[in-house]
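The stops below are given in the order in which to select them.

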Amino acid sequence: MRMYDLIMKKRNGAALTKEEIEFMVKGFTDGSIPDYQMSAMMMAVYFQGMTEEETLYLTLAMQHSGDVLDLTAISGIKVDKHSTGGVGDKTSLALAPMVAACGIKVAKMSGRGLGHTGGTIDKLESFPGFSTEISTEQFFENVEKNSIAIMGQTKDLAPADKKLYALRDVTATVDNMSLIASSIMSKKLAAGADAIVLDVKTGSGAFMKAEKDAFALAEEMVKIGKNAGKETIAVVSDMDQPLGEAVGNILEVKEAIATLNGNGPKDFETLCITLGSHMLVAGKAAENEEQAENMLREVIQNGKALEKLAQFVTSQGGDASYVYEPEKFEKAAIIEEITAPETGYVSAVNCEEIGNCSLVLGGGRETKESSIDLTVGLVLKKKRGDFVKKGEVMAQIYGNDRGKTDNAKERFLKAFRFSDKAPEQTAFIKGIVKV
Ligand code: URA
């Protein structure tokens with residue numbers, strides 16, 4: 001088999017076979033197929049597309065290019081959750097303890113963030129002493145005993161995807177549905193869960209800006225999951241403004257804790273309950289979504305979800321007193337208010353730009369090597385549809401550097417649009433995709 005012939009075949013619009021895709025992924029991973037040939041192939045795929053079968057074969061080949069976690073030693077149905085990413089996305093921090101408190105086993109691999117705030121691991125490290133660098137034995141033991149453990153993604157999880165994503169990133173071939181769906185699902189399948197619940201975002205702060213593209217991606221991923229023999233469900237939700245109010249690592253951890261106390265922002269709580277109810281049904285802890293929702297509300301009300309977070313933090317070396325006394329978390333040196341420049345309804349928010357403000361403050365990483373300031377960020381007091389008077393507080397900003405804070409403030413205000421009329425109400429949950 002020759003890579004040249006496969007490139008020509010795809011360029012001319014034919015479908016590649018399973019063997020051809022396996023040959024290509026293996027060769028690219030071991031270096032025998034050079035970057036320039038794979039780049040040409042990715043561009044051919046970009047223009048010709050891939051069939052459902054090809055997309056599945058590509059996903060499976062990338063899944064098996066490295067370690068595939070075997071969770072069968074852990075009893076029960078293991079359900080994983082994945083978000084396509086957005087601004088203020090602290091969902092795992094609240095959702096994982098909520099579903100674990102309802103009896104679902106959460107065995108999760110998470111990553112550090114690149115971009116406007118940290119990833120789940122960075123946020124968890126806000127708890128002094130907390131570590132995700134636990135051994136596989138400890139990980140299994142914690143999941144069996146406490147129903148919850150989160151460990152850092154191993155280097156060997158879907159290495160083909162890692163290499164291919166880096167190549168796509170510099171060859172203008174990221175935004176193809178089959179390539180995005182296979183990239184995400186190869187990692188999810190390698191992480192070993194029995195069922196997968198996907199949180200697909202749409203809007204100005206999401207990877208998929210247009211709702212129809214978010215649904216198309218959700219459908220592609222759900223089909224891959226089903227064809228790979230795993231129950232897969234996708235929830236498509238709004239990311240046209242930040243999720244909840246807090247953007248920034250410690251601020252988001254505090255908001256997740258408030259949500260577990262029953263005092264979280266409505267949209268964030270709705271998302272946790274929606275994703276959680278599908279996780280509970282997929283994991284057979286509830287018969288239907290309605291029953292699942294009641295169970296999730298109950299573990300918030302009776303404090304079991306918060307207790308679960310504390311148990312989880314302790315089991316991975318962290319100081320759980322912060323769960324009960326979040327005011328103990330370190331604070332930024334500069335805490336100021338940003339006030340409205342005019343009177344009117346907030347008609348639109350450039351969500352990505354709010355994420356960039358957090359990045360400017362030092363809350364995210366520009367490169368993998370950059371360090372992250374856990375204390376900085378923003379807490380929004382006004383969101384789309386709210387009426388605001390000139391001079392009223394729009395947000396609180398948390399910074400540690402005068403120049404960066406002023407820069408972020410200026411950018412923050414430019415991210416808002418005001419209008420005399422209230423904007424049309426839009427649904428927060430856009431839909432559920434199952435097959
Ligand atoms: N996230 C991924 O993991 N892969 C993509 O291709 C796009 C977003």
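Is Arg297 buried, exposed or partly exposed? Arg297 has a relative accessible area of 31% and is therefore partly exposed; buried means under 20% relative accessible area, exposed over 50%, and partly exposed in between (1.4 Å probe, protein chains only).

Some conventions before moving on. This is a predicted model, in which local features need pLDDT of at least 70 and side-chain atom pairs count only at pLDDT 80 or more, while totals for chains, interfaces and linings use all residues. Residues are numbered from 1 along each chain as its sequence is written, and side-chain values use heavy atoms, with hydrogens and water left out.

**Stop 1: salt bridges**

Arg297 lies in helix 13 (residues 289-301) and Glu269 in helix 12 (residues 266-282), so the pair ties together parts that are 28 residues apart in sequence. Helices (H or I, at least four residues) and strands (E, at least two) are DSSP runs, numbered from the N terminus. Glu269 is buried, with a relative accessible area of 13%. Elsewhere, salt bridges that share partners join Asp238, Asp240, Arg384 and Lys430 into one network.

By the salt-bridge rule the count comes to 31. One of them is Lys78 with Asp194, whose closest N and O atoms are 3.8 Å apart. This pair links distant parts of the chain, 116 residues apart: Lys78 is in the loop between helix 4 (52-63) and strand 1 (79-83), and Asp194 is in the loop between helix 9 (177-190) and strand 4 (195-202). Lys78 counts as buried at 5% relative accessibility, whereas Asp194 is partly exposed at 33%.

Next select Lys105 and Glu144, a salt bridge with its closest N and O atoms 3.4 Å apart. Lys105 lies in the loop between helix 5 (91-101) and strand 2, and Glu144 in helix 7, so parts 39 residues apart in sequence are tied together. Lys105 is buried, with a relative accessible area of 11%; Glu144, at 35%, counts as partly exposed.

**Stop 2: strand 2**

Select residues 106-110. Five of the five residues of strand 2 are buried, so the strand is largely enclosed by the rest of the structure. In a regular strand the side chains alternate between the two faces of the sheet. Here both faces are covered, with Val106, Lys108 and Ser110 on one side and Ala107 and Met109 on the other. Lys108 stands opposite Ile150 in strand 3.

**Stop 3: aromatic rings**

How many aromatic pairs does a search of the whole structure find? The search finds seven, where rings of Phe, Tyr and Trp (its six-membered ring) pair if their centres lie within 6.5 Å, with planes under 30 degrees apart counted as stacked, over 60 as edge-to-face and the rest as tilted. Select Phe130 and Phe312: their ring centres are 5.5 Å apart and their planes at 70°, so the pair is edge-to-face. Phe130 sits in the loop between helix 6 (120-124) and helix 7 (136-146), and Phe312 in helix 14 (residues 304-315), 182 residues apart. Both Phe130 and Phe312 are buried. Phe139 and Phe140 have ring centres 6.0 Å apart and planes at 70°, so this pair is edge-to-face. Phe139 and Phe140 are both buried. Then show Phe127, Tyr322 and Phe329, which form one aromatic cluster.

**Stop 4: charges over rings**

The charged end of Lys90 sits over the ring of Phe268, 5.3 Å from its centre; the criterion is NZ of Lys or CZ of Arg within 6 Å of the ring centre and within 35 degrees of the ring normal. Lys163 lies over the face of Phe28, at 4.6 Å from the ring centre.

**Stop 5: positive phi**

Most residues other than glycine have a negative phi, and most peptide bonds are trans. Ser147, not a glycine, has a positive phi of about 70° and is placed in the loop between helix 7 and strand 3. Ser147 is buried, with a relative accessible area of 12%. Finish at Lys284, with a positive phi near 60°, in the loop between helix 12 and helix 13. Lys284 is exposed, with a relative accessible area of 63%.

Definitions and conventions. Pairing = 2+ DSSP bridges. Salt bridge = Lys/Arg side-chain N within 4 Å of Asp/Glu carboxyl O.
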